[in-house]
Amino acid sequence: MATQTFKTSIYRWEGTDFNGAHVRGELTADSHAMIRVQLRRQGITAGKIQRCDGREPRPGKSVKALEISLFTRQLATLIKAGIPLLQALEVIANGFEHPAMRQLVTELKQDISAGINLASALRKKPAHFDALFCNLIEAGEQAGALDVLLQRVATYTEKTEVLKKKIKKAMTYPVAVLLVALLVSAILLIEVVPQFQGIFSSFDAQLPVFTLGVIALSEWLTQYGLWMFGGVCLMFISFRQRYKHSQSLRHRLDRWLLKLPLIGLLLHLSAIARFARTLSTTIAAGVPLLDALNAVAGATGNNVYREAVQQLRQHVATGSQIHVAMSAAGVFPGMAIQMTAIGEESGTLDDMLNHVATYYENEVDNLVDNLTTLMEPAIMAVLGVMVGGLVIAMYLPIFKLGQVI
């Protein structure tokens, strides 16, 4: 006997909930009847049900981390207010204008309607909810304190995103300005310098060495510029692929970055802040220390610190105190080690780690501001040397000609 197959589709629906309020949303099912069954399970009386002509975009990379953070905070607020989980997800889904995010929340609601818990539904979306996120939610569900854990996870995700933005701000600004400077210089060398070269050819005089060097660079860039650009792009793509698949390369690069002046200090501070914030959140959630350290290792954002945390976990597994293991790792500052030791002795490790995270997050904030202040004159000097040098090289023969006349 042939098995009948059904094609699932997305349906838009409107109806009233058990309080008589008008609600609407979207669900995926095989037919109108299945939509009505799903809505009935949620205590919703279906009114209008309409099949969509085309599927909306599936949630993928278009869902940003900031939207996940907002979703977590909204869900924490609604659960704390006593709103049932399914209804809370429905409210959140209707509140998002971004189609991919709305679809993501809708699919979470459908999975929970099918009988699985929130943590299991989140684990089905690994591109948006990592293992740490899911483990914390699972701990909250098991302890019957989902609202408390959601609040902590929301705070954690928000602070993590703020820290990432600060680091990105410190890295992006100088790189963007230097790229613009290189682009402007390339345009001058390719388009402007040849015009001056035609004028200089009519001079019956020896050109300055500086000008001759710039003309030679212009000719070389005009002839081989596209090849050089293509080679740089290929090198970048090759390096990126190798970086993804080579653990040793990632470790060497991260270790080298940590040794850079100012930038290395920024990466040190941010890694310590992430370590302390993540460990504080997991311990406060009741996650065992060894499991917490396993989750923390992947949240530091640096392979050197990731390996240090993994070694720290091995020491703790053999009976060592965490502050002793941190001291042996050789990458944690004395202040963080001392605060951790006080937390272990007093039984307030999560609070002390929270203070450590706040302190180093403030240090990152101050360092980013200082870097921005210091980089602005340095970048202006670089721009002046690059662009101003080209202008001087072109006008120097004209000045010399004026002196001869």
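Reader: Before we go on, which residues do the totals for chains, interfaces and linings use?
Author: Residues are numbered from 1 along each chain as its sequence is written, and side-chain values use heavy atoms, with hydrogens and water left out. This is a predicted model, in which local features need pLDDT of at least 70 and side-chain atom pairs count only at pLDDT 80 or more, while those totals use all residues.

Reader: Give me the overview: how many helices and strands are there, and what share of the residues is buried?
Author: Helices (H or I, at least four residues) and strands (E, at least two) are DSSP runs, numbered from the N terminus. On that count the protein has 15 helices and three strands. Of its 405 residues, the buried share is 41%.

Reader: And what percentage of the accessible surface belongs to carbon and sulfur atoms?
Author: Areas come from the Shrake-Rupley method with a 1.4 Å probe, and for residues only the protein chains shown count as cover. The total comes to about 22,500 Å², and the carbon and sulfur part of that is 61%.

Reader: Back to glutamate 361: which residue's side chain meets it in a salt bridge?
Author: A salt bridge here needs a side-chain nitrogen of Lys or Arg within 4 Å of a carboxyl oxygen of Asp or Glu. For glutamate 361 that N to O distance is 2.9 Å, and the partner is arginine 277. The pair links distant parts of the chain, 84 residues apart, with glutamate 361 in helix H15 (residues 349-404) and its partner in helix H10.

Reader: Which residue pairs up with lysine 109?
Author: The structure holds six salt bridges, and one of them joins lysine 109 to glutamate 90 at 3.1 Å, N to O. Lysine 109 sits in helix H4 (residues 99-113) and its partner in helix H3 (residues 85-95), so the bridge ties together parts 19 residues apart in sequence. Both ends are buried, lysine 109 as well as glutamate 90.

Reader: Which lysine does aspartate 111 meet?
Author: Aspartate 111 counts as buried at 14% relative accessibility. Its side chain forms a 3.1 Å bridge (N to O) with lysine 124. Aspartate 111 is in helix H4 and its partner in the loop between helix H5 (118-123) and helix H6 (131-143), so parts 13 residues apart in sequence are tied together by aspartate 111 and lysine 124.

Reader: What's in contact with glutamine 42, leaving aside its sequence neighbours?
Author: Glutamine 42 lies in the loop between helix H1 (32-41) and strand S3 (45-51), and it counts as buried at 14% relative accessibility. Contact means heavy atoms within 4.5 Å. Skipping neighbours within four places, glutamine 42 touches Leu86, Lys109 and Ser113.

Reader: At what angle do the axes of H11 and H12 cross?
Author: Axes are lines fitted to C-alpha atoms, for helices over the stretch in contact, and angles run from 0 to 180 degrees between N-to-C directions. Under 35 degrees is roughly parallel, over 145 roughly antiparallel, 65 to 115 roughly perpendicular and the rest oblique. The axes of H11 and H12 come within 8 Å and cross at roughly 170 degrees. That's why H11 is roughly antiparallel to H12, given the crossing at roughly 170 degrees.

Reader: Which residues of H13 are buried, and why do they line one face?
Author: H13 spans residues 322-329, and its buried members are Ile322, His323, Ala325 and Met326. Looking down the axis, with the arc taken from the directions to the C-beta atoms, those residues fall within 160 degrees, so they line one face of the helix. They pack against helix H10 (263-284), helix H11 (289-297), helix H12 (303-317) and helix H14 (334-346).

Reader: Last one: which residues are in contact with valine 356?
Author: Valine 356 lies in helix H15 and counts as buried at 2% relative accessibility. Neighbours within four places aside, its contacts are Ala276, Ala336 and Met339.

Definitions and conventions
Buried means under 20% relative accessible area, exposed over 50%, partly exposed in between (1.4 Å probe, protein chains only).
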